[in-house]
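User: Could you take a close look at one part of this model for me, the ligand site, and then at how the domains meet? I would like the cut-offs along the way.

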Amino acid sequence: MLGDFMYSNPTRLYFGKNALSSLGQELENYGPNVLLTYGSGSIKKSGLYDELVSILSHCRKNITELPGVMSNPTSDKLREGAILARNRNIDLILAAGGGSVCDYAKAVSVSAHYDGDAWEKYFLKMEEPECKIIPVGCVLTMVGTGSEMNGGSVITNHAQKLKIGHVFGDNVFPKFSILNPEYTFTLPAYQMIAGFFDIMSHIMEQYFSGTDDNTSDYLAEGLMRSLITSSRIAVKNPKDYEARSNIMWIATWALNTLIGKAKTQDWMVHMIGQSVGAYTNATHGMTLSAVSLAYYRHIMNDGLKKFARFAVNVWGINPEGRSDEVLADEGLKALEGWMREIGAVMSLKELGVTPEMYDGIADGTFLLDGGYRKLTREEVIAVLKESM
Ligand code: NZQ
Ligand code: ZN
């Protein structure tokens, strides 16, 4: 491991079937005004909403509600939340939902006390917050993004056809997150599977980069193996607590900064996937699955040794008598087999992408240089075509 780094993670996690019982004690750390933000109703159906209101009321909090956070939250919704949080003098933002609601809460937390255009400052200019930041707590109901223990916040601007993520520092990480695997049981299969692939992609984005012998890569391999095992169980029986709890925990570690330490990182699948999302509003994890195989086959020869290692250490392929080229190819075939087995989306066509969108999607794709090969705009278009 050759890189220097600082590691700290300020988020307190409460994990398991009784995790919510710790919310009351967490609430004592904050003032009386709580902004309860959530999506389009799943927490009402599941009964979580009633439980949260009951705990907040018992703790004598003044609740301001901010419902209707959409998947892929928008810059318009961000503006609405920032104004509300400021006007109500909010002390804590409590996000109940998936990555979209958690991401949104973080975006509101840095925008409420900023006087200018938050979209422009944090997402177009990538500036850091200098204003007061409202603390955030999360009650997670969908697994995948890792938003419960990181500084990521992804906002979509439909008018500009841009979907951009800002990875904030640990002053924006949730102060606490409540992770009860049972909350994920009510997820529709499509969302569950999208989450599984999102986790795999987060790990691969960090794994497929660098050439040194790095402990982070061994951690990544262990997480991928556990995900493959548990996802196979969960697609057959979504109520298998053991599998779903493993997956919830894997998702958190996949993107809470640990396995990226001392490494360069790729993130091109996410850059392309996010631009696809800006054009189609498709489910995040499925935008990644649709482009991953074409992308990895495109860069495989540039990172051959790591792709061969992926085949052996993650998929258990016997290296004897096989060249790196053969191993790398078999590893990607094993990845493809697993994706088909769990039911991930395998083509951009399925997400509504049409050839007329290629240029716009390529223009909205940030070209990063942390992976094994820096793509050109033309190569992005080639990957899009191969992903159809
Ligand atoms: O709106 P509700 O009613 O809550 O319904 C949601 C939504 O329709 C539903 N859902 C969530 N939990 C449920 C449930 N339905 C039934 N039962 C439950 N227990 O699922 C749908 C999807 O939820 P969403 O929060 O949109 O999904 P996800 O967690 O995948 O979040 C996606 C967003 O996170 C961003 C993505 O770009 C996207 O905007 N990401 C955030 C990252 C980060 N913070 O680091 C990294 C990721 O790469 C990703 O980019
Ligand atoms: Zn992701």
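Ligand 1 is surrounded by 29 residues, a residue being near a molecule if one of its heavy atoms lies within 4 Å of it. The closest are Ser71, Gly99, Ser100, Asp103 and Thr186. This is a predicted model, where local features need pLDDT of at least 70 and side-chain atom pairs pLDDT 80 or more, while totals for chains, interfaces and linings use all residues. Side-chain values use heavy atoms, without hydrogens and water, residues are numbered from 1 along each chain as its sequence is written, and chains are lettered from A and ligands numbered from 1 in written order.

A backbone N or O atom of Gly99 sits 2.7 Å from an oxygen atom of ligand 1. Thr186 brings a polar side-chain atom to 2.8 Å from a ligand nitrogen atom, and Asn72 brings one to 3.3 Å from a ligand oxygen atom.

Now the domains. An automatic or database domain assignment supplies the bounds, giving domain 1 (12-183) and domain 2 (188-386). Their contact (heavy atoms within 4.5 Å) takes 27 residues from domain 1 and 24 residues from domain 2. The C-alpha centres of the two domains are 27 Å apart.

Together the domains bury about 2200 Å², 66% of it on carbon and sulfur atoms; buried area is the accessible area (1.4 Å probe) lost on being put together, summed over both parts. On the domain 1 side, Val143, Lys161 and Lys163 lose the most area to domain 2, together 26% of what that side buries.

Definitions and conventions
Buried area = accessible area lost by both parts, 1.4 Å probe. Polar contact = N/O pair within 3.5 Å; in protein donor to acceptor, adjacent residues only side chain to side chain.
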